[in-house]
Amino acid sequence: MNDLHGKTALITGGSKGIGYGIAECMLKEGMNVAITSRRQETADDAAHKLSSIGTGKLISLGADVRDFEAQQKAVAQTLEAFGSLDVLIANAGLGHFAPITSLTPEQWHETIDTNLTGVFYSIKAALDELIRSKGYFISIASLAGTNFFAAGAAYNASKFGLVGFTQAVMLDLREAGVKCSTIMPGSVATHFNNHEPNPADAWKIQPEDLGQMVVDLLKMNPRTLPSKIEVRPSQTK
Ligand SMILES: NC(=O)c1ccc[n+]([C@@H]2O[C@H](COP(=O)([O-])OP(=O)(O)OC[C@H]3O[C@@H](n4cnc5c(N)ncnc54)[C@H](OP(=O)(O)O)[C@@H]3O)[C@@H](O)[C@H]2O)c1
């Protein structure tokens, strides 16, 4: 995909944070982009903010990744709008952080259902189109998918699982010409876990840095596949 102009991407969780930053960079490349959120209104608000960026077209969809039918509908709406699907970014995610003594079944299920099962639903819904287009599947995992920490049981389980899932899917799909990568960021300046991005976040990775990384991956020579990418802030504060 040397020239990304006119290529189509579906980004789960593109209403803010990393997904939004990836959408910005793709639109600047002239790509057509579908972003999702749990709520249609939130997706529409983000699309309004993105509307002046780049030359690509944009649609906004309410589609909860925990709902398989909603993912199928999001893919159908993307195809209806743009005619193809070249790239799936499985980005939607959240974190509940609590020690096992206080971690609740509701927190466990919301984390696993969103961060792990939600990615399975997203790629299952998009699979036929990605095989047809010989496209690219990128999951946004985390350094928490290789480094465990106290109070991280649910989040670590979801992200360790996601790293393994994406690597196995990579082996399943590479002979079909579909590339799969997982990006494992450290601290990124986003709204994650109810954080409000602020000037003190300047040392962190910024969402657009990951957007640029995604664009670089898409443009990489077809013969080469960085399948698992750890990325961290170069400074610690
Ligand atoms: N920030 C970090 O330091 C960091 C580090 C490593 C990895 N990550 C990962 O990066 C990904 C994006 O997180 P972020 O940091 O950008 O956080 P964020 O600013 O809170 O954005 C999260 C995005 O996910 C969406 N989302 C959450 N649950 C969803 C669901 N069930 N269905 C559809 N969309 C859903 C949100 O949309 P709505 O709220 O509008 O529904 C929002 O667009 C996550 O997978 C996270 O684990 C983040």
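## Helices H3 and H4

H3 crosses H4 in the right-handed sense. The model is a predicted one. Helix H3 covers residues 68–82, and its axis comes within 8 Å of that of H4, at a crossing angle of roughly 35°.

On the H3 side, the contact uses Phe68, Gln71, Gln72, Val75 and Leu79. H4 answers with Tyr121, Ser122, Ala125, Ala126 and Glu129. By class, the residues of this contact are 6 nonpolar, 3 polar and 1 charged.

## Helices H4 and H5

H4 also packs against H5. The two axes come within 9 Å and cross at roughly 15°. Angles under 35 degrees count as roughly parallel, and H4 and H5 are therefore roughly parallel to each other. The crossing of H4 past H5 is right-handed.

H4 brings Gln107, Trp108, Thr111, Ile112, Asn115, Leu116, Val119, Phe120 and Ile123 to this contact. From H5 come Ala154, Tyr155, Ala157, Ser158, Lys159, Gly161, Leu162, Phe165 and Val169. The contact of H4 with H5 has 12 nonpolar, 5 polar and 1 charged residues.

## Helices H1 and H6

Helix H6 spans residues 207–219 and packs with H1 at an angle of about 55°, the axes being 7 Å apart. H1 is therefore oblique to H6. Their crossing is right-handed.

Which residues of H1 meet H6? They are Gly17, Ile18, Tyr20, Gly21, Ile22, Glu24, Cys25 and Met26. Their counterparts in H6 are Pro207, Glu208, Leu210, Gly211, Gln212, Val214 and Val215. This contact of H1 with H6 divides into 9 nonpolar, 4 polar and 2 charged residues.

## The sheet

The sheet is open and built from 7 strands. Their order is E3-E2-E1-E4-E5-E6-E7, with parallel pairing. Strand E3 (58–62) and strand E7 (228–231) stand at the edges. Each has a single partner strand, so one side of each is left without a neighbour in the sheet. On average, neighbouring strands are turned by 15° against each other, direction ignored.

Strand E5 runs over residues 136–140 and strand E6 over residues 179–185, and the two pair in the parallel sense over 5 bridges. Ile138 has Ser181 in E6 as its bridge partner. Helix H5 (residues 153–173) packs on the sheet and touches E5, E6 and E7. The direction of H5 makes about 160° with that of E6.

## Around the ligand

How many residues lie around the ligand, and which come nearest? There are 31 residues around the ligand, and Gly13, Gly17, Ser37, Arg38 and Gly93 come nearest. Helix H1 (17–28), strand E2 (32–37) and helix H4 (105–133) are the elements that give two or more residues to this shell. The shell holds 8 nonpolar, 18 polar and 5 charged residues.

H4 contributes to the shell and packs with H5 and H3. Strand E2 contributes to the shell and stands between E3 and E1 in the sheet order.

Conventions: Residues are numbered from 1 along each chain as its sequence is written. This is a predicted model: local features need pLDDT of at least 70, side-chain atom pairs count only at pLDDT 80 or more; totals for chains, interfaces and linings use all residues. A residue is near a molecule or strand if its C-beta atom, placed from the backbone, lies within 6 Å of it. Helices (H or I, at least four residues) and strands (E, at least two) are DSSP runs, numbered from the N terminus. Ala, Val, Leu, Ile, Met, Phe, Trp, Tyr, Cys and Pro count as nonpolar, Asp, Glu, Lys and Arg as charged, and the others, Gly among them, as polar. Two strands pair if DSSP finds at least two bridges between them. Axes are lines fitted to C-alpha atoms, for helices over the stretch in contact, and angles run from 0 to 180 degrees between N-to-C directions. Two residues are in contact if their C-beta atoms, placed from the backbone, lie within 7 Å. Angles under 35 degrees count as roughly parallel, over 145 as roughly antiparallel, 65 to 115 as roughly perpendicular and the rest as oblique. A crossing is left-handed if the near helix is turned anticlockwise from the far one by less than a right angle, and right-handed if clockwise.
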